[in-house]
Amino acid sequence: MHKRLLYASFGLLATLVGMATGHLVASLLNPAASPVLAVGSTVIDLTPTPMKEWAIRQFGSADKAILIGSVLLGVLVFAAIAGILARRRFALGAGLLVVLVAVAGTAAMTRPAAEIVDLVPSILTAVAGVAALFWLDRTAKAAATVTGTTPAVGSAPDTTSKRLPHPMASATGSAKGESDTVSSEGPQHALTPEPTTPTRRGVLIAMGVLAAAAAVMGGAGKLIGNLRSRPEDITLPAAADPAAPLPKGIDNQVKGISSFVTSNSDFYRVDTRLDTPIISADDWTLTIDGDVDNEMTFTFDDLLGMDLIERDITMTCVSNSVGGPYVGSARWLGVRLQDLLDLAGVGSKSDQILSTDFEGMTISTPLDLATDGRDAMIAIGMNGEALPREHGFPARMIIPGLYGFISGTKWITRLTLTTYDDAKAYWTERDWDTDAPIKISARIDTPNALDSLPAGEVVIGGVAWAQQKGGVDKIEVRIDGGPWQPAELGPSGGNDYWRQWFFKWDAKPGSRTVAARVISGDGETQTATAANPFPGGSSGIQSFLVTVE
């Protein structure tokens, strides 16, 4: 292996050891302080909105994994350069590693709720990385001292002996240099091979030990994170105002259709976090302040002791494209938002609720929409269980009929009554709409675009929603741009809940276009006007080609 490649691998390995150390320490303290996650979170905040929307459209729920992979790839490129620099002068390579970690430490400390302890993972990352690079460098240079060259790890050892003089060579000839093979030490020493094998083995051992250490620490960090993120043992009380039993959906009647109730594990997740926050219900509080008569703070036990409501609500992300996957329906349990605001006493000046999560992320909700009689709540339960950590445990905001970016604050810790002139939230600073009602829409779940289908009866099916618009009243399907035809509806879960539907189509051979739309109980027909998710949600009719054979 070429010397530069060898030292490049030293830089990569030292960096991996450092990152594994930082990840392990962060798993014990604050997962968000892990150097790679800290840099990734900062990249998310700095990424322009059009690029974020492009990433979500292209990569879906894998966008975060791709982001982390991109950050990691960039770090490893610089790590290889640091290793090459260390070959010439160790201080240069070590300095570049420290600079990389300093970027991560700065990113960690600029997070809204950062504490001084969040520097610890970065500091230990730097210490471990530089120490690993130093060990590799010293090992390689010690080998070079013995052999006169840096061991070429991976190449075949030089076991050729120096040739002896020809038997007929004269002493005079030898003295004149006619024999080019006798060393000054004599033939016996010349027969001894150079000691490259032991030195190469030493470098390989050092690299193997560090690789194993990185793997063990990285695995330990992941294991600790998984253990800490396990659900807490929470017993939820029965709702004082329970929801009516949901009717049985048509999941088993129409193959490929979305389940009437979205399970917790299948519920979509879109947020700006690269980790799953670990918050204890015992330590959590919710404060209501700002333009209120009485600033109040509630514990989790306080919420458990209040009158709880239970509601079936469909949630949709504003980044969802027409026919997209970022929509789900669940049964939520929580305290009415209006009840909490009444206890604090809302003043006369405020026009928004600025909600804040545990790390300082802010979301802005129009006060009039949050208090107009809809079932807005601070939710603590989802589908009969405590909220999963990835969906906001211990508590989150849920407001039916509004996109999540103005209504679905996860890991919520504060509600501040204020005005749009006085405070701007994360998304309003990025020019998203302040009022963002969910647009009515129908989605085709089956068949899929470009499917090849057999001629004859084909069942087209999906889900539709028309929250705060009187619910779903009709679904219509169109084939090849022809007339709109009525589909059959599944049972209703209420106006704030999606509805399943299906249409039996006598498919004829050829390339066919399939489309579907919804008509709400208020008489609104889903618009055919196409719009991108930014700034207030997508619109248009889902339509695609299939082939009938």
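Colleague: What should the 26 residues of helix α1 span at 1.5 Å a residue, and how far apart are its end C-alpha atoms?
Modeller: Helix α1 (residues 3-28) should span 38 Å, and its end C-alpha atoms are 38 Å apart, which agrees. The expected span is 1.5 Å times one less than the number of residues. Helices here are DSSP runs of H or I with at least four residues, strands are runs of E with at least two, and both are numbered from the N terminus.

Colleague: Before we continue, what kind of model is this, and how are residues numbered?
Modeller: This is a predicted model, in which local features need pLDDT of at least 70 and side-chain atom pairs count only at pLDDT 80 or more, while totals for chains, interfaces and linings use all residues. Residues are numbered from 1 along each chain as its sequence is written, and side-chain values use heavy atoms, with hydrogens and water left out.

Colleague: What pLDDT does the chain average?
Modeller: The chain averages 89, and 90% of the residues score at least 70; pLDDT is the predictor's confidence in each residue, from 0 to 100. Over residues 154-198, however, the pLDDT is below 50, and this stretch has 33 contacts in the model beyond near neighbours in sequence. A contact means heavy atoms within 4.5 Å. Where pLDDT is low, the predicted coordinates should not be read in detail.

Colleague: Back to α1: how many of its residues are buried?
Modeller: In α1, 19 of the 26 residues are buried, so this helix is largely enclosed by the rest of the structure. Buried means under 20% relative accessible area, exposed over 50%, and partly exposed in between, with a 1.4 Å probe and protein chains only.

Colleague: And where do helices α2 and α5 meet?
Modeller: Pro35, Ala38, Val39 and Thr42 in α2 meet Ala104, Ala107 and Ala108 in α5. The axes of α2 (residues 35-46) and α5 (residues 90-109) come within 8 Å and cross at roughly 65°. The axes are lines fitted to C-alpha atoms, for helices over the stretch in contact, and angles run from 0 to 180 degrees between N-to-C directions.

Colleague: Which residues of α5 are buried?
Modeller: Among them are Phe90, Leu96, Leu100, Ala104, Ala107 and Ala108.

Colleague: Turning to strands, how many residues of β3 are buried?
Modeller: In β3 (residues 308-316), nine of the nine residues are buried, so the strand is largely enclosed by the rest of the structure. Leu308, Glu310, Asp312, Thr314 and Thr316 point one way, while Ile309, Arg311, Ile313 and Met315 point the other way.

Colleague: What does β3 pair with?
Modeller: β3 pairs with β4 (residues 327-336) in the antiparallel sense over nine bridges, and Thr316 has Val327 of β4 as its bridge partner. Two strands pair if DSSP finds at least two bridges between them.

Colleague: Which strands make up the open sheet of five?
Modeller: The order is β12-β19-β18-β14-β15, with mixed pairing. The edge strands are β12 and β15 (485-486), each pairing on one side only. β12 (residues 452-453) and β19 run parallel, joined by two bridges, whereas β18 (residues 510-520) and β19 run antiparallel, joined by seven.

Colleague: Which face of β19 is covered?
Modeller: The covered face of β19 (residues 542-548) holds Gln542, Phe544, Val546 and Val548, and the uncovered one holds Ser543, Leu545 and Thr547. Val548 is the bridge partner of Leu453, and Gln542 that of Ala516.
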